[in-house]
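Here is a note for a colleague who is meeting this structure for the first time. Please read the points with the model open beside the text.

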Amino acid sequence: MVIDPICGMSVDEATALRVERDGHAFFFCSAGCRSRFLEQPLPVKPLAGPAAPTIYTCPMHPEVLQDHPGACPKCGMALEPKAGAAHPAEDGDAELRDMTRRFWIGAALAVPVFLLAMAHLVPGLGSGSWVDGPFSRWAQFALTAPVVGWAGWPFFVRGWRSLRSGHLNMFTLIAIGVGAAFGFSAVAMFMPGLFPHAMRHDGMIPIYFEAAAVIVVLVLLGQVLELRARSRTGSAITALLNLAPPTARQVAPGGDHVVPLDQVRVGDWLRVVPGDRVPVDGVVVEGHSSVEESMLTGEPLPVEKSVGAAVTGGTVNGTGSFVMKAERIGSDTLLGRIVGMVAEAQRSRAPIQGLADRVAGIFVPTVLAVSVVTFICWLWLGPEPRLAHALINAVAVLIIACPCALGLATPMSIMVGVGRGAQVGVLMKNAEALERLETVTTLVVDKTGTLTEGKPALQDVVPCNGFAPDDLLRLAAALERGSEHPLAAAVVQGAQTRHLELGPVRDFRSVTAGGVSGTVSDRTVLVGKPAFLRAEGVNGLEALEATGAKLQEDGRTVLFVAVDGKPAGILAVADPIKATTPDAIRELHALGVKLVMLTGDNRRTAAVVAKTLDIDAVEAEIEPAGKAAHVQQLRAAGQRVAMAGDGVNDAPALSAADVGIAMGTGTEVAMHSAGITLVRGDLRGIGQAIRLSRATMRNIRQNLFFAFVYNAVGIPVAAGLLYPFFGLLLSPMIAGAAMSLSSVSVIANALRLQRTRL
């Protein structure tokens, strides 16, 4: 197999259209692609590599995976391409096209069968005329046979597989029910002598071809509607995939080459022209432009990009042009990771689905037993013709009890809910995180990078003991250059702004939640908290602490500096609060969530921030291990805890919480430790995630309630419970319609989540 360079489809080299250009062979799926290639003014690289296989899975049983389309061996539903597959639309439409064709042909044949069967109810025709004669009966048989044998054939195949594998499912019931109705009628046609005289009506055995034909058509209609609705549940993935352009302009010595996106390699230089989408993640190496990054930040204003600036695949270039170097491609790009995370979450199973699974495990055998009991009771106690009544009611029980609605209730809501979250930048790692978030009562947040911008800036340099401000800053910045802490970056940036020359450092040492030490210009330098300096043998910090306290009351973070064992001064750093944080906190309070701030910062600084933002509780000067311990204490006290953070030091607490929430602007470690990632790094996303969780779980409960009530009411009615009181029986045709519509209604209810206001 090779790849068409125009549309990217996999084609068979032996049968595809072929064109030779510049010594290379190109293959095409159609004459249209071949014509577009010949009209292409730019040279195109040949694509002769093997195409990646599409993996198919079941929406109800994500553990079922295979490399070809078919039916799920457990539930019998049509497998669909995993989200992110190369051509999900084309592959996913095949089953829908097949079922649609079977439905229309089956319906065209079933309608005259139904009319012939019901003709005796038309005034003036009555019984005993041609409507009950051999012509009508043979016509019904001739028309029904292809409906059952061809249009309904997939149901019999899936039903037989379910019996062989022991995984009884909805198609088990459909195959038995339709087979019984058609088989009984066929035997009555060809071997009427097998039936007792009491079963005859006007000298002939009743037939039920119309029931078999109409049931098949109604089930096919349900399958068509269901497949169409299921395709809509993947609209979020499709929208994300469409953000990436299909091709890229590869810069080469002989000129630019237009290549499919999957042919781009790390290190390639790519040209992005005005209006194009950035193809992959990378860095600008030439040119200047503005890029609209609303898919990441939610902000419509474009961001200026010049040499050295990072660009993200899927964002939209403005009026400028630039050349970029590809650094992350395919699934490693931010967009690829988002698609992968959403796809994985949509296929995951929520704990609440365990209830549906346990019920479904015993449901089909129970329905078969109820159908047998119904048949026996009607055969024993029912009115004449007893056998006909017994058969029809037993079939009605089988048809109406198909558990498709029960099985679809949870996975359809999860798929739509996870996709809706992706549209607003709330990425669920799995369905369990989505379910747990509903019951969260306490949100624990880190300060730096979560409540604040995470980009602290140096504000004050206060020297003592004869040190000049620039000398103090030079020594401290040289040492902090070896630290990855945001405060250290602020100190280094402050020194660079003042154009200070930073010397080399020897014997660098970092103490977690304490500070750093080392030798700069043959002088021993310490930078950190007072407790760290005292532990290193520095005394006489009282005066500096008094000065630092005043700065901390203004919300600034203070770093203490000692040189050669003596106090040298303090550095004050301020990290501005995000503009969206106050609104986000008010929103979370309105949702009934209590906020607790955990930070390694000074108590005075933390208290000022907490008071400004109306945070319910604050714990300061906490080490990373202490954050995780505090989260565990809250859980032990009966709280359902979510933890939001963005740094490596937050990872233990994110893992310890009921639900970890990582800011997308933070570190990879934080994202891997969390169950939810906010792509835009905006705290308001937590409120959106909570509302989404509550809406999704409410939707699941509605679906499960409907499915349970539907079967609880439908099965007794189909069995004939109302007949002794009202003389009412449920036709198998009506049972088939109700069964199909129940599945469609569950999916339609799940699709309402796409319109949920977050």
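1. The model is predicted, so local features need pLDDT of at least 70 and side-chain atom pairs count only at pLDDT 80 or more, while totals for chains, interfaces and linings use all residues. Residues are numbered from 1 along each chain as its sequence is written, and side-chain values use heavy atoms, with hydrogens and water left out.

2. An open sheet of 6 strands runs in the order β18-β23-β22-β21-β20-β19, with antiparallel pairing (strands are DSSP E runs of at least two residues and helices H or I runs of at least four, numbered from the N terminus; two strands pair if DSSP finds at least two bridges between them). β18 (457-463) and β19 (505-511) each have a single partner strand and stand at the edges, so one side of each has no neighbour in the sheet.

3. Within this sheet, β21 (residues 523-528) and β22 (residues 557-563) run antiparallel and are joined by 4 bridges; Gly528 has Phe560 in β22 as its bridge partner.

4. Val258 belongs to strand β9 (residues 257-260) and is buried, at 15% relative accessibility (buried means under 20% relative accessible area, exposed over 50%, partly exposed in between, with a 1.4 Å probe and protein chains only). Between the C-alpha atoms of Val258 and Ala248 the distance is 5.7 Å, although the two are 10 residues apart in sequence.

5. Phe725, in helix α25 (residues 723-726), is exposed, with a relative accessible area of 64%.
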